[in-house]
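Student: I am new to this structure and would like to go through it slowly. Could we work by question and answer?

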Amino acid sequence: MRAFFALWRREVHGLLVAPFVYLLLGFWFLLNGLMFTYLLTYEREVQQDLGLLAPYLFGSGLLVWLLLPTFPPLLTLRLLAEERRIGTLEPLLTAPIGDAAVVIAKYLAACVFFLIFWGGVAALFLLLAAFGAPLPWGTVAAGMCGALLCSLLFLATGLWASSWGGNLLLAAGGGAALNYLLLFLPVLFEHDEGWLGAVARAAHIPNMLDRGFSAGLIDSYAVTYFLALAALFVYLAWVRLVSRRWVP
Amino acid sequence: MPDGGFPVPQTASKMIRADRLTKRFGPLVAVQDLSFEVVPGEVLGFLGPNGAGKSTTLRILSGWWPASSGAASIAGHDLARDSLRARRQLGYLPESFMAAPELRVVEYLRFRARLKGLDRRTARTRLGAVAERLGLQERLRQPFGALSKGFRQRVGLADALLADPPALLLDEPFGGLDPLQRQDFRKLLRVLAAEGKAVLFSSHVLPEVEDVADRLIVLLHGRSAASGTLAELSAHLAREAPLRVRLAGGAEALEAALQEGGAAACRCALLSRRGQELWLRPEAEDAARRLFRWLAGRDAAVLEFGRAPVGLEEMFRHVIESGERAAAETVP
C-alpha cells in the first residue's frame, strides 16, 4: 500500500503544480460563475424556485454538455499518455508496484482532483445560502451527486484514452469523443422502437441527470450504471497496460 | 538484509539468471536461447551492435516484458511467476532514463524511495547516502528538466541504488557522459561489485567494458556470439588473429603463389598485401606452423612473422564479422 499511496500522492501533486490545470480550473469557475449569475439575474423561473439551479448546473444544461465531456480527458491525458510520451512509464512500471495499482492510483488521483472543480460550484451555492437564500439542499446535493458520478465515468474514459499511446491529442480528443458518444448516441436512438431504443433509453445519461439526480432523485440504477461503466473503462486502461506483457 | 527491507533468499548465489531466454515480436526473433548468470560481486558486460538484443534482454530482466520462452530470475525469484518480489531485488537504469521534468531531484528520489517500499526514515537516509555517493547534493533542489545529460544519468543510477538492491541492470549507463563522468561511473561500478552487488550492463563503448566487466557476452542477432572473461576471449581470438608476414622483398611473387594453391595448402586465406606485407587469416589450428614451413621452403626473406595484436575492439569486430559470415552462409 505504501507504493500505492506514494503514487497517488505524486499524481495529485503533479496535477496541483501543472499550470495547464489552473487554466482549466479558471475557465471552469468562470463559466459556472457566469452561468450562475445569469440564472439568478435573468431567469425568472429560477428566481422563484432556486431548486431549478440544479438541472441547469448539474443536469443537461449547456455547461454540462460543453464542459463535462471535455475537461476530464484534459486532466487524464497526463496520467498515462504523458508518461509514455516523455519516457517515464518504463521506470514506473518496472518499480515494485503492480500495473493494477498504478492504474487505480492514477484514476483516484484524478477523481479526487476533480472534486476541486465541483467544489467550486458547491461554493457558489454556499455563498447563496450565506446571503439567506432558501435553497432546497436535497435537490442540490442529489444534482451534485449525479454530476460527480458522471465525472467519474468521464474520467475513466479519459484514463482509457490516455492509455492508448503517447499522443496527447489522441488521448484528449479520443476521451472527449468517447464521452460525447456516451452522451449523444442514446439521444439519437431513444425513439427507436426496437432493442436499440431500449438500450438507448437504458443508457440515457441526460435523462438520468435531468429527470433523476437534478430532480432530487438518487436512482440506484443510474448510480450502478455510472459506477459499472467507470469500472469497465478503468479495467480497459489496465488491460492496455498489461498487454505489453502478453506473450506473442 | 538491504535497507529496502526485502529479504534475499539464501539460495540466491546466482543473483541474475537467464535460462534459454527467447523473445519474439511477431516474426522477428529479438533474443534467442540466451543463457547466463551473474553472481554477487560480479560485473557482466553485454556487448553488441544496435539491434543485437541487449536492451530487450535487460527489459525482460527488469520485468517490463515477459520472455516468449525460457526463464529469468532475480535473487531466486522467477520474473514470470513472482515479478513483484523479483523487482524488489532489482535496481534498473533504462537506456533513455527520464523523470518528470518539473519534479525536483529530491522530490523525484523521495517518491521513488516510497514507491520501492522504503519507510520515510529509511528513505531519507538512503537518499542522502546515494546523493552523496553520486555527487548529487547540490542538484537535489533543481528540477530534473534543468539537469545535463550526465546528471540525469546520475539521478537514474541514484534511483536504481535507492533501495540498496543486490542486483543492478544498467542499460548503456555511459551514454551521454563526458570522459570524467565515465571514469567516475566506471569506478562506481567496480565499488558496487566489491560491495557484493551483481551488475549487468550493456554498452557500445568498448574500452568501458574492457575496464569494468569481469565477463563479457557478445550478442549478435539475439544470440550469444561469444562469452567469457576478457582473457579467455582474447586467448580464443589470438588463435584466430590474422597472420602478418613482413618480407624484405618478393611479396608479389609470394602473393601469386599463395593464390595459386599455397594458401590452401597452409590452411590459410590470403586477406591482403600491403607493400611487402602479407596478411592471412588462419583457418586451422596449425595454420601458422604450415605457413612458416611453406615460406621457409621457398626461401622467402621474412623479416617479421606473427599475429596481429588483439584488443577488445578487434575482438568485437572479429566476433561480429564471423557471426555475419555464418549468418550469410546459412541463408539459402
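Student: Which residues does A:A156 touch, not counting residues up to four places away in sequence?
Tutor: This is a predicted model, in which local features need pLDDT of at least 70 and side-chain atom pairs count only at pLDDT 80 or more, while totals for chains, interfaces and linings use all residues. Residues are numbered from 1 along each chain as its sequence is written, and chains are lettered from A and ligands numbered from 1 in the order in which they are written. Taking contact to mean C-beta atoms, placed from the backbone, within 7 Å, A:A156 touches A:Y107, A:A230, A:F233 and A:V234.

Student: How many residues does the largest nonpolar core have, and which helix gives the largest share of this core?
Tutor: A nonpolar core is a set of buried Ala, Val, Leu, Ile, Met, Phe, Trp, Tyr and Cys residues joined through C-beta atoms within 7 Å, where buried means that 20 or more other C-beta atoms lie within 10 Å of a residue's own. A:A156 is among those with the most contacts inside the largest core, as are A:C150 and B:L61, and that core has 139 residues. Its largest share, 14 residues, comes from helix 10 of chain A.

Student: Is helix 10 of chain A oblique or parallel to helix 11 of chain A?
Tutor: Helices here are DSSP runs (H or I, at least four residues), numbered from the N terminus, and their axes are lines fitted to C-alpha atoms over the stretch in contact, with angles from 0 to 180 degrees between N-to-C directions. The axes of helix 10 (residues 137-162) and helix 11 (residues 168-189) of chain A come within 8 Å and cross at roughly 140°. Angles under 35 degrees count as roughly parallel, over 145 as roughly antiparallel, 65 to 115 as roughly perpendicular and the rest as oblique, so helix 10 of chain A is, to helix 11 of chain A, oblique.

Student: Which helix of chain A gives the most to the side that touches chain B?
Tutor: The contact takes 22 residues from chain A and 26 residues from chain B. Helix 1 (2-16) and helix 8 (89-93) of chain A each supply at least two residues of the chain A side. With six residues, the one that gives the most is helix 1 of chain A.

Student: Which residues of helix 3 of chain B does helix 1 of chain A meet?
Tutor: The axes of helix 1 of chain A and helix 3 (residues 105-115) of chain B come within 7 Å and cross at roughly 150°. These two helices are therefore roughly antiparallel to each other. From helix 1 of chain A, A:R2, A:A3, A:A6, A:L7 and A:R10 meet B:F111, B:R114 and B:L115.

Definitions and conventions
Contact = placed C-beta atoms within 7 Å. Buried ≥ 20, exposed ≤ 12 C-beta atoms within 10 Å, placed from the backbone.
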